[in-house]
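Please open the model in a viewer and follow the selections below in order. Each stop names what to select and then describes what is found there.

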Protein chains: 2
Amino acid sequence: MERKAISLHDKLSSFTEHWAPKVVADYNGNDVIVVKVKGEFVWHSHPETDDFFLVLKGRLTIQMRDGDVTLGAGELFVVPKGVEHRPVAEEETHLLLIEPAGTPNTGDPATAVAKPRI
Amino acid sequence: MERKAISLHDKLSSFTEHWAPKVVADYNGNDVIVVKVKGEFVWHSHPETDDFFLVLKGRLTIQMRDGDVTLGAGELFVVPKGVEHRPVAEEETHLLLIEPAGTPNTGDPATAVAKPRI
């Protein structure tokens, strides 16, 4: 195994695209992911998994049908499985996500993006 | 469910003890934990689970039998299941941990501490 610290700053400095999640580590079959987001994502849900968000930089609103949660840097929220949500960021925002490997980011394999390892 | 951002800073400000993990959120049956550490923990391993460490503040060395990894703020490392390790921090260091609910922090239920929710 590789014995090396994973710097979130270095990983985030290595790409510029928005809504293009990158896998940086594994935890028990879950992908540990960094992503840069700006603007509105699509409404979606994950019937089989909770959705973990930690804001590293910026500000993220997670819209849900019964109320929104807004996260600043150093704040986290777990969207429970099956709960419809839409992430929205007015400014470029950097996130740490954790989700089971293979989870489609849109909730739908037909529209999901691949998540390369960096 | 509670629709509320979880501030890691606020959670960490609410206690002072070292090596006293506190659960702040759930993710798919895993505890999301904050903990303040200083000094040396015990050598241990978790045969059934990987061990996720993210340094929020300070500096942590994770000693392993075949080499150490040192993490600063914004750096993470996942100790693979079964790998013997000992966390050591010279200064007070704040960590985010993720582990399956019920995982003994020492690897041994007989010596493990309880993890209250805050």
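Begin with chain A as a whole: among its contacts between residues at least 6 apart in sequence, 64% join residues at least 24 apart. Here two residues are in contact if their C-beta atoms, placed from the backbone, lie within 7 Å. The model is predicted, and local features need pLDDT of at least 70, side-chain atom pairs count only at pLDDT 80 or more, while totals for chains, interfaces and linings use all residues. Residues are numbered from 1 along each chain as its sequence is written, and chains are lettered from A and ligands numbered from 1 in the order in which they are written.

**Chain A, overall form**

Keep chain A selected and colour it by secondary structure. The C-alpha trace spans about 45 × 30 × 25 Å along its principal axes. Of the 118 residues, 41% count as buried, that is, with 20 or more other C-beta atoms within 10 Å of their own; 12 or fewer make a residue exposed, and counts in between make it partly exposed, with C-beta atoms placed from the backbone.

**A:Val69**

Next select A:Val69, in strand β6 (residues 69–72) of chain A. A:Val69 counts as partly exposed because it has 19 C-beta neighbours inside 10 Å. Which residues does A:Val69 contact, leaving aside its neighbours within four places in sequence? They are A:Ile62 and A:Phe77, together with B:Arg3, B:Lys4 and B:Ala5 from the other chain.

**The interface**

Now display both chains. On chain B, 27 residues are in contact with 27 residues of chain A. The elements giving two or more residues to this side of chain B are β1 (6–7), α1 (8–13), β2 (22–27), β6 (69–72) and β7 (75–79). The largest share, four residues, comes from β7(B). By class, this side has 15 nonpolar, seven polar and five charged residues; Ala, Val, Leu, Ile, Met, Phe, Trp, Tyr, Cys and Pro count as nonpolar, Asp, Glu, Lys and Arg as charged, and the others, Gly among them, as polar.

Select β7 (residues 75–79) of chain A with β1(B): the two strands pair in the antiparallel sense over two bridges, where pairing requires that DSSP finds at least two bridges. B:Ile6 in β1(B) is the bridge partner of A:Leu76.

**Symmetry**

Superpose chain B on chain A. A turn of 180° with a shift of 0.0 Å along the axis gives an RMSD of 0.0 Å, by least squares on the C-alpha atoms of residues with pLDDT of at least 70 in both. The two copies are therefore related as by a two-fold rotation axis. The same surface serves both copies, since 100% of the contact residues of chain B recur in chain A.

**Within chain B**

Select β5 (residues 59–64) and β6 of chain B, which run antiparallel and are joined by four bridges. B:Leu60 has B:Leu71 as its bridge partner in β6(B). Four residues lie between the strands of this hairpin, and B:Gly67 takes a positive phi near 145°.

Finish at B:Gly102, in the segment after β8 (85–100) of chain B. B:Gly102 counts as exposed, with 11 C-beta neighbours inside 10 Å.
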